[in-house]
Amino acid sequence: MAQPLAVSPPQLPLLRFAHMMHQSSHAQSEPDINRLDTLYGTETPEGIDLTAQLAGPVPRILAYAVDLFYRSLILLALGIALTFAGRAGWGFWLLGSFFLEWFYPVFFEVLKGGQTPGKKAFSLAVVNDNLTPVTWSASIMRNLLRFADFLPFGYSAGIVSMTCSRYFQRLGDFAAGTIVVYREPHKNTAQLPDVPPAPPPRGLQLQDQQAIVSLTERNTELSNARQQELADLLQPLTGKSGSSGLQQLQGIGRWLLGARREKQAGQQK
């Protein structure tokens, strides 16, 4: 008969600490997830889950209106500049109008991170349905099929398609395998506590290292009382309690995140 798995007493505080850190993180992230009713998710071949918030018809229409305004300004300026060129100028204006209509979005979507000026104004971006950057072929496909979205008039087919589809895709998106998502601004890196880094004790398990790193990175999110409560669970590990035990854990967290003492860094140079 297999013997039950025994957990030695020194490991119990570590397991409880990791469990409480997971619960604290889950409690803060769960309300945000519940509010994102347009959340789109996919899994990479490496097993990494990627998520993004889908953009609905209204912000996409507004972004298109901004791009239309910019294109109209460019055509107006081009028409004024070619006024004295006669019929040749009219031909150049028609050629410029063609390229602006069909390749203006392609240029920005592929070379500017999936964002035309209009989309950038509303923090939108075009990506492939696996959340990878949009490719030339996909961008050309979705934009050439705008004529189908325009039918019978005023982009009626495209609006109906976005409204009725699960991922707010117009006909061109279906054909190209693309979606439009919100592009979240890059967040600043976590502000780490100003404590000297300290090497972790030997035999510290990966789960415990992740919990200590999480505690260190979230020092600005959790109250000081909550941090000390969590740190007191690891008093057998640090040999300290209260603020001194918390600082010891934060020092270990900074070490695990790559920080080293200035003297050691100078010796390595």
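1. A term needed at once is the salt bridge, which is counted where a side-chain nitrogen of Lys or Arg lies within 4 Å of a carboxyl oxygen of Asp or Glu. The model is a predicted one, in which local features need pLDDT of at least 70 and side-chain atom pairs count only at pLDDT 80 or more, while totals for chains, interfaces and linings use all residues. Residues are numbered from 1 along each chain as its sequence is written, and side-chain values use heavy atoms, with hydrogens and water left out.

2. On the overall build, the protein chain has 13 helices and four strands, where helices (H or I, at least four residues) and strands (E, at least two) are DSSP runs numbered from the N terminus. Of its 269 residues, 36% count as buried; buried means under 20% relative accessible area, exposed means over 50%, and partly exposed is in between, with a 1.4 Å probe and protein chains only. Contact means heavy atoms within 4.5 Å, and among contacts with a separation of 6 or more, residues 24 or more positions apart account for 67%.

3. Side chains of opposite charge can pair when their charged atoms come close. A search of the whole structure finds eight salt bridges, and a network of them links R60, E109, K119, R142 and D173.

4. D149 lies in helix α6 and R170 in the loop between α7 and α8, so the pair ties together parts that are 21 residues apart in sequence. Both D149 and R170 are buried.

5. N143 is buried, with a relative accessible area of 2%, and, leaving aside neighbours within four places in sequence, N143 is in contact with W102, P105, V106, E109 and R170.

6. In soluble globular proteins, nonpolar side chains tend to be buried together. A nonpolar core here is a set of buried Ala, Val, Leu, Ile, Met, Phe, Trp, Tyr and Cys residues joined through side-chain atoms within 4.5 Å. The largest such core has twelve residues, among them A198, L204, L246, L249 and I252. The elements that give two or more residues to this core are α9 (206–217), α10 (224–232) and α12, and α12 gives the most, with three.

7. How far apart are the end C-alpha atoms of helix α12? They are 21 Å apart, which agrees with the 21 Å that its 15 residues (242–256) should span at 1.5 Å a residue, the expected span being 1.5 Å times one less than the number of residues. The buried residues of α12 include G242, R254 and W255, and just after this helix G258 takes a positive phi of about 110°.

8. Some backbone details in the loops deserve a careful look. The peptide bond from L151 to P152 is cis, with omega near -10°, and P152 is found in the loop between α6 (146–150) and α7 (156–164). L131 has a positive phi of about 70° although it is not a glycine; L131 sits in the loop between β3 (124–128) and α5 and counts as buried at 18% relative accessibility. F168, likewise not a glycine, has a positive phi of about 55°, and F168 is found in the loop between α7 and α8 (171–176).

9. Finally, in helix α2, L68 is partly exposed, with a relative accessible area of 38%. The C-alpha atoms of L68 and G118 are separated by 8.5 Å, although these residues are 50 apart along the chain.
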